[in-house]
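Trainee: I would like to learn how to read side-chain contacts in a model. Could we start with burial and then go on to rings and charges?

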Amino acid sequence: MSAGLTIGVKIADSATALLQRVKAFNEENSRLPEEWDMSAHIGINPMLLALSMELALKAWYVFDHDTPEAKWGHNLSELFEGLKQESQDKLDAEFRRSVVPFHPNFLYVDYGIRNVLAQHESAFVDWRYTYERKSISFHESTFVATLEMVLSEFRKRYRTVKVPQTWPSV
């Protein structure tokens, strides 16, 4: 499982970097002067978070299928459906255990990760072109909690060990 693992880890690292950047941006915004107009930045967080989730799901995909080729596309629901069934089940169970208690949604009888992904499935495209849409929504706190859970569960699939460098004696 080396090809899928190596590429998957690199993709997951990119997803994590995007998530960290959004969190840093949010923190920086809280310290900006009140007179600064941040409305021009309205679509940045949803777009970057959706891209981060896309990368996280693609990391799972290459690991699941032991392939260096990530699945194409931006649709989060389709990317999730491309995962092996046991991965889908694992992520859904962990979502229900760790995300739902803090981010419940009473609109669904059986609220699971598929609901969050379906609600935001085209967020990467939608939020890039906010001027074309009249009404789009993004539940950032729920989405971030879901993204953090997906990345955390992915990291549980492998472990890294530092190998001490030994130099040949001359």
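Mentor: Start with the word "buried": a residue counts as buried when its relative accessible area is under 20%, as exposed when it is over 50%, and as partly exposed in between. Keep in mind that this is a predicted model.

Trainee: Are Phe 95 and Tyr 111 buried or exposed?

Mentor: Phe 95 and Tyr 111 are both buried.

Trainee: How is a pair of aromatic rings described?

Mentor: Two quantities describe a pair of aromatic rings: the distance of the centres and the angle of the planes. There are seven aromatic pairs in this structure. Take Phe 63 and Phe 154: their ring centres are 5.9 Å apart and their planes stand at 80°, so this pair is edge-to-face. The cut-off behind that reading is a plane angle over 60 degrees.

Trainee: Where do Phe 63 and Phe 154 lie?

Mentor: Phe 63 belongs to helix H2 (residues 44–64) and Phe 154 to helix H7 (residues 140–155), so their contact ties together parts 91 residues apart in sequence. Both Phe 63 and Phe 154 are buried.

Trainee: What is the geometry of the rings of Phe 95 and Tyr 111?

Mentor: For Phe 95 and Tyr 111 the ring centres are 5.4 Å apart and the planes are at 75°, so that pair is edge-to-face. Phe 95 sits in helix H4 (residues 85–98), while Tyr 111 is in the loop between H4 and helix H5 (113–119), so the pair ties together parts 16 residues apart in sequence.

Trainee: Which residues form one aromatic cluster?

Mentor: One aromatic cluster is formed by Trp 60, Phe 63, Phe 154 and Tyr 158.

Trainee: With which residue does Asp 110 form a salt bridge?

Mentor: Asp 110 pairs with Arg 96, and the closest N and O atoms are 2.7 Å apart. At 54% relative accessibility Asp 110 counts as exposed, whereas Arg 96, at 30%, counts as partly exposed.

Trainee: Why does Glu 153 count as buried?

Mentor: Glu 153 counts as buried because its relative accessibility is 3%. The cut-off is under 20%. Glu 153 forms a salt bridge with Lys 156, the closest N and O atoms being 2.7 Å apart. Lys 156 has a relative accessibility of 56% and therefore counts as exposed.

Trainee: Which residues are linked in a network of salt bridges?

Mentor: Lys 90, Glu 153 and Lys 156 are linked in such a network.

Trainee: How far apart in space are Ser 14 and Leu 51?

Mentor: Their C-alpha atoms are 9.7 Å apart in space, and the two residues are 37 apart in sequence. Ser 14 is part of helix H1, and its relative accessible area of 37% makes Ser 14 partly exposed.

Conventions. Residues are numbered from 1 along each chain as its sequence is written. This is a predicted model: local features need pLDDT of at least 70, side-chain atom pairs count only at pLDDT 80 or more; totals for chains, interfaces and linings use all residues. Side-chain values use heavy atoms; hydrogens and water are left out. Rings of Phe, Tyr and Trp (its six-membered ring) pair if their centres lie within 6.5 Å; planes under 30 degrees apart count as stacked, over 60 as edge-to-face and the rest as tilted. Helices (H or I, at least four residues) and strands (E, at least two) are DSSP runs, numbered from the N terminus. Buried means under 20% relative accessible area, exposed over 50%, partly exposed in between (1.4 Å probe, protein chains only). A salt bridge is a side-chain nitrogen of Lys or Arg within 4 Å of a carboxyl oxygen of Asp or Glu.
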